[in-house]
2 protein chains.
Amino acid sequence: MNSKPDSQRMEKIVSLCKRRGFIFQSSEIYGGLNGCWDYGPLGVELKRNVKDYWWRVMVRERDDVVGMDGSILTHRAVLKASGHEDTFSDPMVDCRTCKARLRADQLPEKNGVKQCPNCGGKDLTEARPFNLMFSTQMGASANPDAIAYLRPETAQSIFVQFKNVLDTARKKLPFGIAQIGKAFRNEINPRNFIFRSREFEQMELEYFCRPEQGMELLEYWKEERLKFYENIGIPRDKLHVLTVPDADRAFYSKGTYDIEYDFPFGRQELEGVAYRTDYDLKQHQEASGKPLDYFDEETKQRFIPHVVEPSAGVDRTVLALLCNAYDEETVTDEKGKSETRIVMRFHPRMAPVKVGVFPLLKNNEQLVSKAREIVATLRPHMNVFYDETGAIGRRYRRQDEAGTPFGLTIDFETLGEKDAALLGTVTLRERDSMKQERVKISDLLPMLLARIT
Amino acid sequence: MNSKPDSQRMEKIVSLCKRRGFIFQSSEIYGGLNGCWDYGPLGVELKRNVKDYWWRVMVRERDDVVGMDGSILTHRAVLKASGHEDTFSDPMVDCRTCKARLRADQLPEKNGVKQCPNCGGKDLTEARPFNLMFSTQMGASANPDAIAYLRPETAQSIFVQFKNVLDTARKKLPFGIAQIGKAFRNEINPRNFIFRSREFEQMELEYFCRPEQGMELLEYWKEERLKFYENIGIPRDKLHVLTVPDADRAFYSKGTYDIEYDFPFGRQELEGVAYRTDYDLKQHQEASGKPLDYFDEETKQRFIPHVVEPSAGVDRTVLALLCNAYDEETVTDEKGKSETRIVMRFHPRMAPVKVGVFPLLKNNEQLVSKAREIVATLRPHMNVFYDETGAIGRRYRRQDEAGTPFGLTIDFETLGEKDAALLGTVTLRERDSMKQERVKISDLLPMLLARIT
């Protein structure tokens, strides 16, 4: 169990993310944009793997789920009807001493008195609600109707398009509509790296059903989602299911589970699985005047479907993968020298790069051309990193930090120079165990494919 | 050649997009949000195929390109330095009669007098610049420093992160940084469906090089990008390369090509390939005070790289695919009855659904279970649509409209009831030719894979 905050570990992970090109601060050269992050070359691949796997198991491999992709800019009426315009807020206080604006429910206390975390001042205003939605002016005229919001969640565009999707996708209840996309919340105090940021990405499924199926489907989706995290390499014992108590649930929800992970900064929510009843569709039907009901061909009844929503954060999942993967160990090299090995133990399915390809020497044409040949064979099927510079040991270490599960070295034995039996073989090195084996080049593709998918 | 506007054809395409779930108006039940669109179940898969193929050929299959994914919210200083805050505008006029705001350079003229397209009025104001960037207030305090923009292009975050990527990705010139993501422009008059919208998605590559390589790489990337469009099914003779004249180019560009397509509403730009010199990096180096130069290990020189930028629009590419695919033909059924067949002739690589699977009868358990078995075999490898309702002919037609390249029918011959030699075979129907052949179930997967990748 690792639920005690470990800020040193977190700092090391953040530092590796910048050093190796997983994640950078947005607009960094201009001092940074608070609460916004850019994914670098390794980060973008890791994130793509998370999203692609979610889409694969939640949409493409299912008969009962279709996808959609709604716009980020959202009509004000949508977020009025959903309740966001009136109530999507956090309590905020001002520090009268340093003028900082602070989230009222996250203030440190000293001897029972709330303090400004910035300056230590105790002269704070009363808490008042601060709406978390970003708004913008749309179109060329400056009237209040021209306000549009950046969506605070992807879910609402699914509800608003429910009828269009129902009419075109030929699905019967129960069925789901899934979406991956950016959402925005003007957090008063963004924190914990990419965990609580102002711009983030969600993977949401709205699974519509008959009212009597709701509670059962809530259980079903909680289990499915736990399996998802296990399948991307987060062990079950690092995941915790919190049954959200009645008092903490949205008033319209009949049941909500939070799936939590033990981050270095504490146990925090990765995903919420909520049974939202028919609240959202009803709100939009009433506000828009457009029918959002379902006609049951068997019972000849019309009703508004209920919905169960597994809502996951892409960035939080990426952060869980990074935190879970980070490891340091002491290893001893051939010369008996000890050193610290930093290794990102990603599940091969999630690793940004699947295999490193290394010719033993960069100035040997035969080794290099053989290595290039292998790259060309593997690349259509997986992400390959070719590296010819530095000692082999250093090249392995660089890929350990990137989390690359396999390394291939092309040496003189590959060329058959030492032992004819080894002609056409390479050294395959496994990241976690550091074990090496000789593998025939012709066996590489199927062997690697079996281990990364 | 099809460069004469054909508004009737365009209307049919827009209508099919809504009817079959490719594209809906954003926030439609609330009257719509002008210039914003939602992709439905078929549209989202089509768009994913475009983006995935771009990422595959532009990033994963290349040694010299890495990816990134920057935030949409952008520090004001970035867009000040890039020139967008001061000059990214279109000329706007007001109609004094109906109060419409109009793009001054797109007004209809009657007898040489400019008119309001809305009310026909001729009492228009002088043109003035209207900045196209969406701004928002970031953080809890309301001071002007808290303004952030929604990025008007993805390119700037690549320039701003150039040093971070260079330091982590171990690449030498020439090399590129690629990004796919949303961008936003507050168009005065959005139009032509998803062609000119306020929220759109870009696929941009910034390919950095030595100054002396710029012109040659401009040619190289123009050719590569033409190949891309051909590989997704847009014939070369529908594409046109416009050499942007000196007077129309950005002042810092040494050469720009527009790749254009003959849309039903006229010949319009799909992609720009621009040699932007060292303008952007220089601007950001100067404004931020952070070095954005490159150290050449061989010549021991430091310089700011030049850049060639192929910048494609995701939505425009999707629209070109839709326009290119749409076809109507008169076919005669077995009973000699003529009807119009609407068929979306997508390249199989781009088609949202690759194969439809149809048991001949839905109330025959053996046919249904055999069909389900085939679905289970194919689904891990491609998008499959299972349909058991209606006459086979109607099911084929529905998939024609969705652009599904292959249909499989499981009939009594599959079960070996008519001819033992046909046991374990299905009917494979090809969308474009409507030709049917008997195929062994065991041959299906490799045969289909070969035709869709």
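Over which ring does the charged end of Arg316(B) sit? Let us work through this and a few related exercises.

This is a predicted model, in which local features need pLDDT of at least 70 and side-chain atom pairs count only at pLDDT 80 or more, while totals for chains, interfaces and linings use all residues. Residues are numbered from 1 along each chain as its sequence is written, chains are lettered from A and ligands numbered from 1 in the order in which they are written, and side-chain values use heavy atoms, with hydrogens and water left out.

**Exercise 1. Find the ring under Arg316(B), then look at Lys47(B).**

Step 1. A charge sits over a ring if NZ of Lys or CZ of Arg is within 6 Å of the ring centre and within 35 degrees of the ring normal.
Step 2. For Arg316(B), the ring is that of Phe195(B), with the charged end 3.8 Å from the ring centre.
Step 3. Lys47(B) has its charged end over the ring of Tyr39(B), 4.2 Å from the centre.

**Exercise 2. Describe the salt bridge of Arg103(A) and the setting of both partners.**

Step 1. A salt bridge is a side-chain nitrogen of Lys or Arg within 4 Å of a carboxyl oxygen of Asp or Glu; the whole structure has 100 of them over all chains.
Step 2. Arg103(A) pairs with Glu187(A), at 3.8 Å from N to O.
Step 3. Now place them: Arg103(A) is in strand E6 (residues 101-103) of chain A, and Glu187(A) is in the loop between strand E12 (175-184) and strand E13 (199-209), so that the pair links distant parts of the chain, 84 residues apart. Helices (H or I, at least four residues) and strands (E, at least two) are DSSP runs, numbered from the N terminus.
Step 4. Check the burial, where buried means under 20% relative accessible area, exposed over 50% and partly exposed in between (1.4 Å probe, protein chains only). Arg103(A) is buried at 11%, and Glu187(A) is buried at 5%.

**Exercise 3. Classify two aromatic pairs of chain B.**

Step 1. Rings of Phe, Tyr and Trp (its six-membered ring) pair if their centres lie within 6.5 Å; planes under 30 degrees apart count as stacked, over 60 as edge-to-face and the rest as tilted. Over all chains there are 38 aromatic pairs.
Step 2. Phe228(B) and Tyr229(B) have ring centres 5.3 Å apart and planes at 90°, so this pair is edge-to-face. Both of these residues are buried.
Step 3. Phe251(B) and Tyr279(B) are also an edge-to-face pair, with 5.3 Å centre to centre and 85° between the planes. This pair links distant parts of the chain, 28 residues apart: Phe251(B) is in the loop between strand E14 (239-243) and strand E15 (255-263), and Tyr279(B) is in helix H8 (residues 279-288).
Step 4. Phe251(B) is exposed at 71%, whereas Tyr279(B) is buried at 15%.
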